[in-house]
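I set out to record what can be looked up in this structure, from the overall fold down to individual side chains. The entries below are kept in the order in which I made them.

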Amino acid sequence: MLGTFAYVFKNDGFLGLYSGLSASILRQMTYSTTRFGVYEELKSYFTSSSSPPGLPTLIGMACFSGFLGGLAGNPADVLNVRMQSDAALPLEKRRNYKNAFHGLVRMIREEGPGSLFRGVWPNSTRAVLMTASQLASYDTFKRLCIDTVGMSDNLTTHFTASFLAGFVATTVCSPVDVIKTRIMSASPAESHDGVMSLLRDVCRKEGVSWVFRGWVPSFIRLGPHTIATFLFLEEHKKLYRLIKGL
């Protein structure tokens with residue numbers, strides 16, 4: 001990880017570390033908005049304060065929300081992977097997308113509309129796992145903190161539950177992240193016959209250690225992201241209830 005940072009910084013300077021920022025923002029606007037929105041709507045529709053949902057119900061709602069989010073965010077996710085990978089590639093192999101929208105236009109023109117959904121199935125699988133392990137685990141950990149440990153519904157509880165949710169989500173999604181990244185970053189010439197073909201090649205060359213390759217940088221990214229997301233979400237809920245008088 002440190003070697004990649006050094007290579008990118010040496011060749012592209014400080015701004016090279018933020019390559020793909022526009023694609024990352026577009027991904028959050030499509031993927032995260034869809035999965036969080038659908039999940040909260042399902043929770044409010046099927047449950048009430050007098051009958052809180054159990055873990056299986058939370059997981060089911062989260063899986064459905066994650067699948068829709070994965071479909072909605074796949075084009076931006078492909079761009080995000082490619083633009084971030086560019087900085088670590090030699091100059092002659094870079095795609096050099098100027099921003100997310102420039103990348104979308106070039107992908108459609110050069111590779112066809114189907115390229116926007118490259119890796120959609122592993123990505124949707126990852127979105128299902130991420131949403132189930134992140135949202136469902138957060139609600140479960142929060143309830144445990146309040147009902148079992150005796151903590152109040154406050155910032156400390158939200159931080160604790162979101163930290164644990166980030167740990168669970170990183171661990172559950174690590175294998176799919178590896179597969180998704182390799183499929184999306186591959187050129188047409190490097191494309192595999194399918195996910196099973198890629199799995200066979202990876203297991204043959206790297207053994208089972210590939211399952212948690214990059215876990216630490218993933219947690220460094222996903223841990224703070226999960227904490228910030230849920231802290232903001234909880235404060236947003238409080239503000240919404242205050243405005244609506246709920």
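The notes begin with the chain as a whole and then turn to helix packing, aromatic rings, cysteines and one backbone angle.

**Entry 1: the chain as a whole**

I note at the outset that this is a predicted model. I looked up the secondary structure and found eight helices and zero strands in the protein chain. Read from the N terminus, the elements run α-α-α-α-α-α-α-α. I then looked up burial: 41% of the 246 residues of the protein chain count as buried. For contacts with a separation of 6 or more, I find that 76% are between residues 24 or more positions apart.

**Entry 2: helix α2 against helix α5**

How do the axes of α2 and α5 cross, and at roughly what angle? I find that helix α2 (residues 21-46) and helix α5 (residues 120-148) have axes that come within 12 Å and cross at roughly 50 degrees. An angle between 35 and 65 degrees falls in the oblique class, and α2 and α5 are therefore oblique to each other. The crossing in which α2 passes α5 is right-handed. On the α2 side, I list Arg27, Tyr31, Arg35, Phe36, Tyr39 and Lys43 as making the contact. On the α5 side, the contact residues are Arg126, Ala127, Met130, Thr131, Gln134, Leu135, Ala136 and Asp139.

**Entry 3: helix α2 against helix α8**

I next looked up the packing of α2 with α8, where the angle is about 50 degrees and the axes are 14 Å apart. That makes α2 oblique to α8. The crossing of α2 and α8 is right-handed. From α2, the contact is made by Gln28, Phe36, Glu40 and Lys43; from α8, it is made by His225, Thr229, Phe230, Leu233 and Lys237.

**Entry 4: aromatic rings**

How many aromatic pairs does a search of the whole structure find? I count eight aromatic pairs. One of them joins Tyr45 and Phe46, with 4.9 Å centre to centre and 85 degrees between the planes, and is edge-to-face. Tyr45 and Phe46 are exposed.

I then looked up Phe163 and Phe219, whose ring centres are 5.9 Å apart and whose planes stand at 85 degrees, so this pair is edge-to-face. Phe163 lies in helix α6 (residues 155-185) and Phe219 in helix α8 (residues 215-244), so the pair ties together parts that are 56 residues apart in sequence. Phe163 counts as partly exposed at 38% relative accessibility, whereas Phe219 is buried, with a relative accessible area of 17%. I also record that ring pairs link Phe163, Phe167, Trp215 and Phe219 into a cluster.

**Entry 5: cysteines**

I searched the whole structure for disulfides and found zero. Are Cys145 and Cys173 buried or exposed? Cys145 has 7% relative accessibility and counts as buried. Cys173, at 0% relative accessibility, also counts as buried. Both values are under 20%, the cut-off for buried.

**Entry 6: a positive phi**

Which residue has a positive phi although it is not a glycine? I find Asn96, with a phi of about 60 degrees. Asn96 lies in the loop between α3 (55-86) and α4 (100-111). With a relative accessible area of 49%, Asn96 is partly exposed.

Terms used:
Residues are numbered from 1 along each chain as its sequence is written. This is a predicted model: local features need pLDDT of at least 70, side-chain atom pairs count only at pLDDT 80 or more; totals for chains, interfaces and linings use all residues. Side-chain values use heavy atoms; hydrogens and water are left out. A disulfide is a pair of cysteine sulfur atoms within 2.5 Å. Buried means under 20% relative accessible area, exposed over 50%, partly exposed in between (1.4 Å probe, protein chains only). Helices (H or I, at least four residues) and strands (E, at least two) are DSSP runs, numbered from the N terminus. Rings of Phe, Tyr and Trp (its six-membered ring) pair if their centres lie within 6.5 Å; planes under 30 degrees apart count as stacked, over 60 as edge-to-face and the rest as tilted. Axes are lines fitted to C-alpha atoms, for helices over the stretch in contact, and angles run from 0 to 180 degrees between N-to-C directions. Angles under 35 degrees count as roughly parallel, over 145 as roughly antiparallel, 65 to 115 as roughly perpendicular and the rest as oblique. A crossing is left-handed if the near helix is turned anticlockwise from the far one by less than a right angle, and right-handed if clockwise. Contact means heavy atoms within 4.5 Å.
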